[in-house]
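Welcome! Please take a look at the model below, and then we can walk through it together.

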Amino acid sequence: MNYKMKKIVTSIALALIIVACGEKKENNEGAQNDSAALSGTIKVDGSSTVFPITEAVAEEFRTVQPDVKVTVGVSGTGGGFQKFSRGETNLSNASRPIKDKEIAACAENNIKYLELEVAYDGLAVLVNPENDWVDSFTVEELKMIWEPAAQGKIMKWNQIRAEWPNEEIHLFGPGVASGTYDYFTEAIVGKSGSSRGDFTASEDDHVLVQGIAGDKFSLGFFGLAYYTENADKLTLIGVHNGTEVVKPSLETVKNGTYKPLSRPLFVYVNSTSVAFPEVVEFVNFYIDNAGELAKDVGYIPLPAENYAQQKENFRTFVESNK
Amino acid sequence: MKNQVPFLRCLIYLYKKATMRKVKELIIEKSLLSSALITILVTVGIIMVLSIEAVQFFSEVSIVDFFTDTQWTPLFTEKHFGILPLLSGTLLTSFIAISVALPIGLTISIYLSEYAPKSFRKSVKPLLELLAAVPTVVYGFFALVVVTPFLQELYPNLSGFNSLSAGIVMGIMIIPYISSISEDALHAVPSSLREASFGMGATKLQTAFKVIVPAASSGIIVSIILAISRAIGETMIVAIAAGQQPRLTLDPTVPVETITAYIVQVSLGDVQHGSLEYRTIFAAGITLFVFTFLLNTISYRIRKKYQEKYE
Amino acid sequence: MNSIQKNRWKDQAFKAWGILCTLIGLVLLVVFIGDIFIDGIQRIDWSFITSLPSRKAEKSGIYTALMGSIWILLLTTIISFPIGVAAGIYLEEYAKKNKLSGLLEINISNLAGVPSIIYGLLGLEVFVRIMNLGASVLAGSLTLSLLILPIIIVATREAIKAVPSSIKDASFALGASKWQTIWHQILPASGGGILTGVILALSRAVGETAPLIVVGALAYVPFAPSNPMDEFSVLPIQIFNWISRPQHGFIENAAAAIIILLGITFIMNGIAVYFRNKWQKKWK
């Protein structure tokens, strides 16, 4: 009886191991068949705003180079740069330019990098669809809500405009590792990284969408793509740009009238990574397809000349780091 | 004389074999012992890891601030390191969970032990224990996708993230903790007590509440303490459904953040090893550990005492 | 109504309330699972199981998460099974009733109650950082092994305790050493009980999310692990990731993945209960 049980257990274990190994073998055999195939691992991390573009590129890249493994993390722009400066990642997604202290960190580790612009984004300000009192915001009003001095003090809608309801504002926004956070605070509060701390902070924009969509008194901000994906659950609010109230869209971001919350999105690549042919191929593929895929996921593509320029910059970078 | 040589050889051979066997036994015993000692290593590891980072944390943040400040904003410009908001989130969700699980769980245990036929009890008990086997991610899904919208129909001002949904679903998850353990405790009470009570004309209800429950009280208390400890340590249900906004409040309709959800939130980003922000998860972690350790120790003590009573 | 009748009425009322409560528990379980079933069952097909995650809900699949879960399951078994059973044997058969064994017992009881996320913190510091294993399958398995170790130890002890001492005595009387008795008599006899405990512990490990998030299992991993040092994702984390995406397509995906996860969990629990019943019958 007992030996029988042992036999059953051993055979199940063996079967599982064989299945697992079998999967591995299949993957490896596939690699040998393709002649111009590259293989290797590419690590990307950083901004959750840029993530949808990079994810789309990685997915399409898989159809041309199935044996290159691309992983994409969402630690936030700041978190991504930390890993990037330690050489732990090959590419870094960023929704703001690299900061001085991050440049210093790279220099410390002998890492040179290239900044590539991949798309434009309009930072969207959103409220819940049942919110019928907000028609627009001015920059000053947004500042009053989000600046550090507001922590614990500006808690209700009618503290902003007296005719708004006497109800709590429930705030949602990206966390401190997020480039979107840095950019918003710089544009609205005047200093990057400076804001109140008592709001629902999440690097995961989907959590913010859910939060705002489920809460009548909510207010939040994140990248335009996440609004476009969920337009049926959210209400987009226009921001007064000094002349008129403008809502972010393909046109208003492109022609610059959506101020001050329009911004470029970046991907950074480091010097050690361009030694790998799969990385070079991936970055070229990225630049070639960013325009179309950015539009696909809800961002604004750069003009074609910009992309051509980026490609040239990259070529020079690869040459100089051979 | 000559016949004794093979006899001696035989003795020496047997003696050698016996010693070898003794050595082999000793080696086996010591290796088994080392496996058991790994458990001590784990506890030491947990305490050391938490303490070292926490001590470094407290070298920069005063303990008084940690326990009295009403805001938790360690990552922002205006840094506050008060654990109270996270603690209130944890305790609020756990309190709601226990308010759901305690009446239902206790009733189930009394019913199964005192009223239900044996076959019913046998088939129902493992089914209820299935509730505790469901992965907590699944419960989180349920809280966010089903319970919250349902509650929002009843109370439209309910936030999408709130402690009420999370607490209710957590309560459902810990029902078996209370019902199974209490039921074992009630069942273990000698039937002589029951029979004596019936003999005096008491109904089942009176017997149950006036005789059996008090007799099994230590077991029932153990089950409640274990359930509380489980609720406090729960992570996924609250991370998915209760929110990520540290808030010192007793209002169950607004987003809050528990200690466990905060640790997950930070882990999802990248916080630099060795930074103050990194250490905050260990400061939060050690607070959680102390709470659950105290609860578990108390329940262990009670369990040991109560085992002796019936042995 | 005199007081006897009142008491009788109260008694019946409580009985009804008791049945109601018990049924609430079961009904809720059925409602849960039924709801998730309705949401997700159409999504399950072969392509769902073999597809990699994607930004488009219809194209997303659980392949990498499922492979990751299987890897974690195998590695965790290999690590925790021998250590847990060995520790259980020691505590039950060798340890004398002294301070050390008392300490070991309290310690294990405490470890069983430590929240799983604390194990995640331990794994992060020791396995990922100090031992430099990175966010690998190995680090994840080691962390989970520590988590389920107390469960396996307790199950082993209970199973060994249930073996009648007559068997032990007979073995010693025939001149067998302690280890021979354990290996040839006690372990085979308690095998069913130990197996039950191990399967239940592993079923718990398969459903764990928080400690693996802390250790660093990634959200977007479009490949299955090929060695223990690879990065990975597991089913619960994939579900967690999909839940936070508000498009309805992903909610369906999450529901489908939950069905598969629950299926694995319930099958494992079912096997464990089957073994437990078979083994208990033997001693009746």
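Let us begin with chain C: of its 284 residues, 52% count as buried, where buried means that 20 or more other C-beta atoms, placed from the backbone, lie within 10 Å of a residue's own. Keep in mind that this is a predicted model, in which local features need pLDDT of at least 70 and side-chain atom pairs count only at pLDDT 80 or more, while totals for chains, interfaces and linings use all residues. To find your way, note that residues are numbered from 1 along each chain as its sequence is written, and that chains are lettered from A and ligands numbered from 1 in the order in which they are written.

Chain C has 11 helices and zero strands; here helices are DSSP runs of H or I with at least four residues, strands are runs of E with at least two, and both are numbered from the N terminus. Along the principal axes, the C-alpha atoms of chain C fill a box of roughly 75 × 70 × 35 Å. Among the contacts in chain C with a separation of 6 or more, 76% come from residues 24 or more positions apart. A contact here is a pair of residues whose C-beta atoms, placed from the backbone, lie within 7 Å.

Now for chain B. An automatic or database assignment gives the domain bounds, and chain B is divided into domain 1 (4–60) and domain 2 (84–309). The C-alpha centres of these two domains of chain B lie 39 Å apart. Where they touch, eight residues come from domain 1 of chain B and eight residues from domain 2 of chain B.

Chain B also meets chain A, with 21 residues from chain B and 30 residues from chain A in the contact.

The table sorts two touching sides by residue class: Ala, Val, Leu, Ile, Met, Phe, Trp, Tyr, Cys and Pro are nonpolar, Asp, Glu, Lys and Arg are charged, and the others, Gly among them, are polar.

| Side | Nonpolar | Polar | Charged |
|---|---|---|---|
| Domain 1 of chain B, touching domain 2 of chain B | four residues | two residues | two residues |
| Chain B, touching chain A | five residues | 14 residues | two residues |

Finally, how do helix α4 (residues 118–133) and helix α6 (residues 163–188) of chain B cross? Their axes come within 7 Å and cross at roughly 135°, with axes fitted as lines to C-alpha atoms over the stretch in contact and angles running from 0 to 180 degrees between N-to-C directions. α4(B) and α6(B) are therefore oblique to each other, as angles under 35 degrees count as roughly parallel, over 145 as roughly antiparallel, 65 to 115 as roughly perpendicular and the rest as oblique. Residues making this contact include B:Leu128 of α4(B) and B:Ile172 of α6(B).

Technical notes: Two residues are in contact if their C-beta atoms, placed from the backbone, lie within 7 Å. A residue is buried if 20 or more other C-beta atoms lie within 10 Å of its own, exposed if 12 or fewer, and partly exposed in between; C-beta atoms are placed from the backbone.
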